[in-house]
Amino acid sequence: YCYYSVDLQHISFKNGLIENINRSLSIILDTNPLARDNGKYASLLFEVVSLINSILALRATPHPLIGKIAPMSGIKLVENMQVEERCEFFRTNKDFMHALVEHIFPKLIDLYEYNGGLMFKYLVLICLEKLLNFNDGSVLSSCVDIHKFAFFLSKLYLSLIHI
């Protein structure tokens, strides 16, 4: 969807892309945890997080880990030749990045706790990393609850120690 077309991404942003993603994530996160444990919600969450990841496509080629896994799972990989154009879009459209951080970043932290399996958690972490890379401290400090983020990072660190 947005992986290859910066123009499509820009048009989608102007037509409420981030609001639609935010609304979808809110509906899922606000659903009773027992009800959302079925496959329908898991698939929808994976699709929404994959969309966020495609919006934030910053590599000319997929991440090396994905490059190793893709052939085994039948995924066709294609290079993205518009990485520089996309990076320039992120640098010049601060409203876009601010909206992503404000609406999506906190939900990604909540989604990490969702029982979506290792690949899902990995995808969420990739999205968080990309959002951190393209935003300065002022955007993050105005949009992200620093205590919640610090708690998330400490839990993440502790989970890595126990692997």
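Select Asn 53 and Lys 130: their side chains are joined by a polar contact of 2.6 Å. A polar contact here is a pair of N or O atoms within 3.5 Å; within protein, one must be able to donate a hydrogen and the other to accept it, and residues adjacent in sequence count only if both atoms are side-chain atoms. The model is a predicted one, in which local features need pLDDT of at least 70 and side-chain atom pairs count only at pLDDT 80 or more, while totals for chains, interfaces and linings use all residues. Residues are numbered from 1 along each chain as its sequence is written, and side-chain values use heavy atoms, with hydrogens and water left out.

**Around Asn 53**

Colour helix α3 (residues 39-55), where Asn 53 is found. Helices (H or I, at least four residues) and strands (E, at least two) are DSSP runs, numbered from the N terminus. Asn 53 counts as buried because its relative accessibility is 19%; buried means under 20% relative accessible area, exposed over 50%, and partly exposed in between (1.4 Å probe, protein chains only). Next, show Leu 123, Ile 126, Cys 127 and Lys 130, with which Asn 53 is in contact once its neighbours within four places in sequence are left aside. Contact means heavy atoms within 4.5 Å.

**The whole chain**

Of its 163 residues, 39% count as buried. Among contacts between residues at least 6 apart in sequence, 76% join residues at least 24 apart. The accessible surface comes to about 9400 Å², and 61% of that belongs to carbon and sulfur atoms; the areas come from the Shrake-Rupley method with a 1.4 Å probe, and for residues only the protein chains shown count as cover.

**Asn 22**

Move to helix α2 (residues 17-30) and select Asn 22. Asn 22 counts as buried because its relative accessibility is 15%. Apart from neighbours within four places in sequence, Asn 22 is in contact with His 103, Ile 104 and Lys 107.

**The aromatic cluster**

Display Phe 105, Tyr 112, Phe 149 and Phe 152, which form one aromatic cluster. The structure holds three aromatic pairs. In one of them, the ring centres of Tyr 112 and Phe 152 are 5.4 Å apart and the planes stand at 85 degrees, so the pair is edge-to-face. This pair links distant parts of the chain, with Tyr 112 in helix α7 (residues 105-112) and Phe 152 in helix α10, 40 residues apart. Rings of Phe, Tyr and Trp (its six-membered ring) pair if their centres lie within 6.5 Å; planes under 30 degrees apart count as stacked, over 60 as edge-to-face and the rest as tilted. Both Tyr 112 and Phe 152 are buried.

**The salt bridges**

The structure holds two salt bridges, each defined as a side-chain nitrogen of Lys or Arg within 4 Å of a carboxyl oxygen of Asp or Glu. Select Asp 110 and Lys 148, whose side chains meet in a salt bridge (2.8 Å, N to O). Asp 110 lies in helix α7 and Lys 148 in helix α10, so the pair ties together parts that are 38 residues apart in sequence. Asp 110 counts as partly exposed at 33% relative accessibility, and Lys 148 counts as partly exposed at 34%.

Then select Lys 155 and Glu 113, whose side chains meet in a salt bridge (3.4 Å, N to O). This pair also links distant parts of the chain: Lys 155 is in helix α10 and Glu 113 in the loop between α7 and α8, 42 residues apart. Lys 155 counts as partly exposed at 33% relative accessibility, and Glu 113 is partly exposed with a relative accessible area of 44%.

**Tyr 114**

Select Tyr 114, which lies in the loop between α7 and α8 (117-133). Tyr 114 is buried, with a relative accessible area of 5%.

**A nonpolar patch**

Finish with a surface view of Tyr 157, Leu 158 and Ile 161, which make a nonpolar surface patch of about 320 Å². Patches are made of residues with over 30% relative accessible area and no salt bridge; like charges are joined within 9 Å, and nonpolar side chains (Val, Leu, Ile, Met, Phe, Trp, Tyr) within 5 Å. Leu 158 lies in helix α10 (residues 146-161) and is partly exposed, with a relative accessible area of 44%.
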